[in-house]
Amino acid sequence: MLESPLVFVVDDEELVRKALSTLLRSVGYRVKTFATAQELYDDPALQEANCLILDVRLPFLSGLDFQQKLADMDVNLPVIFITGHGDIPMTVRAMKAGAADFLAKPFRDQDILDAVAAAAEKNRRARTSGRSLHELKERYQRLSTREKQIMIMATSGLMNKQIAGELGLSEITVKIHRGKITRKMLAKTFADLVKMAESLDISSSENLR
């Protein structure tokens with residue numbers, strides 16, 4: 001059974017933290033709350049979160065500055081900003097930096113629930129995509145050097161005869177290698193193999209490693 005999404009809430013007002021925690025838990029989310037961004041920065045569970053509700057105005061380190069800090073750390077976490085002092089430039093800055101949403105206090109319960117649901121789903125898709133690419137890279141790395149060469153050449157458009165000539169192999173040997181590559185990469189068709197090569201960004205012998 002899949003765990004429910006984990007939502008982090010950072011707000012220096014205790015009442016806001018408690019209200020959001022109660023609301024989110026009531027619909028099945030797991031929640032951790034923090035009074036400052038620094039507390040969250042020091043939390044080892046940061047990488048496990050699926051969504052972050054972040055107050056703009058915080059002591060020591062503002063929400064907007066913390067958003068930048070997350071980007072510098074390469075933490076790809078959807079951020080929903082909440083603020084009682086929002087303005088257009090602030091909203092624009094947050095959204096340009098990749099914020100998932102920006103809600104002015106007081107907001108409706110349904111507004112924050114909708115924003116969290118959308119952000120958590122975005123995070124789920126990103127993680128799934130990341131895992132898929134990681135698995136694809138692992139399969140590629142299990143190919144032999146010769147198989148990598150042939151995969152690169154085949155997916156760049158060269159025919160078996162051309163590949164054989166380039167590598168000093170017989171055409172039947174190239175066909176055998178291509179069959180092994182297809183099986184090892186779990187490709188159903190040659191088109192699948194081309195898409196995999198594009199995802200891996202392999203296009204020349206410089207990528208043989």
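The dialogue below walks through a predicted model, taking the sheet, its helices and a few single residues in turn.

Q: In what order do the five strands of the open sheet stand, and is the pairing parallel or antiparallel?
A: Strands of a sheet pair through backbone hydrogen bonds, either parallel or antiparallel. In this predicted model the five strands form an open sheet in the order β2-β1-β3-β4-β5, and the pairing is parallel. The edge positions are taken by β2 and β5 (101-104), and because each of them has a single partner strand, one side of each is left without a neighbour in the sheet. On average, neighbouring strands of this sheet are turned by 20° against each other, direction ignored.

Q: How many bridges join β1 to β2, and which residue in β2 is the bridge partner of V10?
A: Strand β1 (residues 6-10) and strand β2 (residues 30-34) run parallel and are joined by five bridges, and V10 has F34 as its bridge partner in β2.

Q: How does S132 compare, and is it buried or partly exposed?
A: S132 lies in helix α5 (residues 109-141), and its relative accessible area of 40% makes S132 partly exposed, since that class covers the values between 20% and 50%. As a guide to its position, the C-alpha atoms of S132 and I163 are separated by 29 Å, the two residues being 31 places apart along the chain.

Q: Which way do the residues of β4 point, and are they buried or exposed?
A: In a regular strand the side chains alternate between the two faces of the sheet. In β4, V79, F81 and T83 point one way while I80 and I82 point the other way, and all are buried. Since five of the five residues of β4 are buried, this strand is largely enclosed by the rest of the structure.

Q: What joins β4 to β3 and to β5?
A: Four bridges join β3 to β4, and these strands run parallel; D55 has I82 as its bridge partner in β4. The chain crosses from β3 through α3 to β4, and this β-α-β crossover is right-handed. Helix α3 (residues 63-72) itself lies across β3 and β4, running at about 145° to β3. Strand β4 (residues 79-83) is also joined to β5 by four bridges, again in a parallel arrangement, and here the bridge partner of I80 in β5 is D101.

Q: At what angle do α7 and α8 cross, and which residues meet there?
A: The axes of helix α7 (residues 160-167) and helix α8 (residues 171-184) come within 8 Å and cross at roughly 105°, so the two helices are roughly perpendicular to each other. On the α7 side N160, K161, I163 and A164 meet E171, V174, K175 and R178 of α8. By class, this contact has three nonpolar, one polar and four charged residues.

Notes
Residues numbered from 1 in each chain as written. Predicted model: local features only at pLDDT ≥ 70, side-chain atom pairs only at ≥ 80, totals over all residues. Heavy atoms only, no water. Buried < 20%, exposed > 50% of the residue type's maximum accessible area, 1.4 Å probe, protein only. Pairing = 2+ DSSP bridges. Axes fitted to C-alpha atoms, helices over the stretch in contact; angles between N-to-C directions. Contact = heavy atoms within 4.5 Å. Parallel < 35°, antiparallel > 145°, perpendicular 65-115°, else oblique. Nonpolar A, V, L, I, M, F, W, Y, C, P; charged D, E, K, R; others polar. Right-handed = clockwise from strand over helix to strand, strands pointing away.
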